[in-house]
Amino acid sequence: MTKPKTFSSADLMETLMRFAPAAAALSLVLAVSASVAGAQDRDPDPRAAVLIAQGDAALKAGESQAAIDAYEAALTVDPGYTPVFLSLAEVARFEGLQGKAIRYYRETLVRDPGNFAAISGEGAALVEKGALEKAKRNLAQLKSLCGATCPETLALQTFIAVGPPARLAADTDGSGDTATN
């Protein structure tokens, strides 16, 4: 019969020191992942929710500057609430500021990389800017993430089929850069 091996305190310390950094790194990764996932699915601060509702009402009334003011105030109250960036992007597109809208969509995607609405919205803004090839990349990304029949994919597909606004259709080469005359 073999005698069970006993560990000395030195053996235990060596084992602990060997695995402690890996355990600490793993727990940090899990904590960050949990906090990021939790931040995406949470409700906004109640004060921010009121401001977002005010912004939505202003946008429906066609008062884009009032909507922007309300959404920016909501971001000040709750800077971690990512969906406000989507609202700001929609207002920017409404005002014809596609570059600014794209920036808001990309901020949303930095915070929530799988946000279908942001991918589709960015693609639509790219079409409005005349960048059809870039918009088609967004469409391909959406098709791979959520399928060909998801609402965001269908919306972007329709936007691409319609093409850029008439003012851009005549002077664009499809890449988003205006053609030189």
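**Reading helix H6**

A: At 1.5 Å a residue, the 14 residues of H6 should span 20 Å, and its end C-alpha atoms are 20 Å apart, which agrees. The expected span is 1.5 Å times one less than the number of residues. This is a predicted model, where local features need pLDDT of at least 70, side-chain atom pairs count only at pLDDT 80 or more, and totals for chains, interfaces and linings use all residues. Residues are numbered from 1 along each chain as its sequence is written, and side-chain values use heavy atoms, with hydrogens and water left out.

Q: How many of the residues of H6 are buried?

A: Buried means under 20% relative accessible area (1.4 Å probe, protein chains only). In H6, 11 of the 14 residues are buried, among them Ile119, Glu122 and Leu126.

Q: At what angle do H6 and H8 pack?

A: Axes are lines fitted to C-alpha atoms, for helices over the stretch in contact, and angles run from 0 to 180 degrees between N-to-C directions. H6 (residues 116–129) and H8 (residues 151–162) pack at about 5°, with axes 9 Å apart. That makes H6 roughly parallel to H8 (angles under 35 degrees count so, and over 145 as roughly antiparallel).

Q: Which residues of H6 and H8 meet?

A: Contact means heavy atoms within 4.5 Å. Phe116, Gly123 and Val127 are among those in H6 that meet residues of H8, including Leu156 and Phe159.

Q: How do the axes of H5 and H6 cross?

A: The axes of H5 (residues 98–111) and H6 come within 9 Å and cross at roughly 160°. That makes H5 roughly antiparallel to H6.

Conventions. Helix = DSSP H or I, 4+ residues; strand = E, 2+ residues; numbered from the N terminus. Parallel < 35°, antiparallel > 145°, perpendicular 65-115°, else oblique. Buried < 20%, exposed > 50% of the residue type's maximum accessible area, 1.4 Å probe, protein only.
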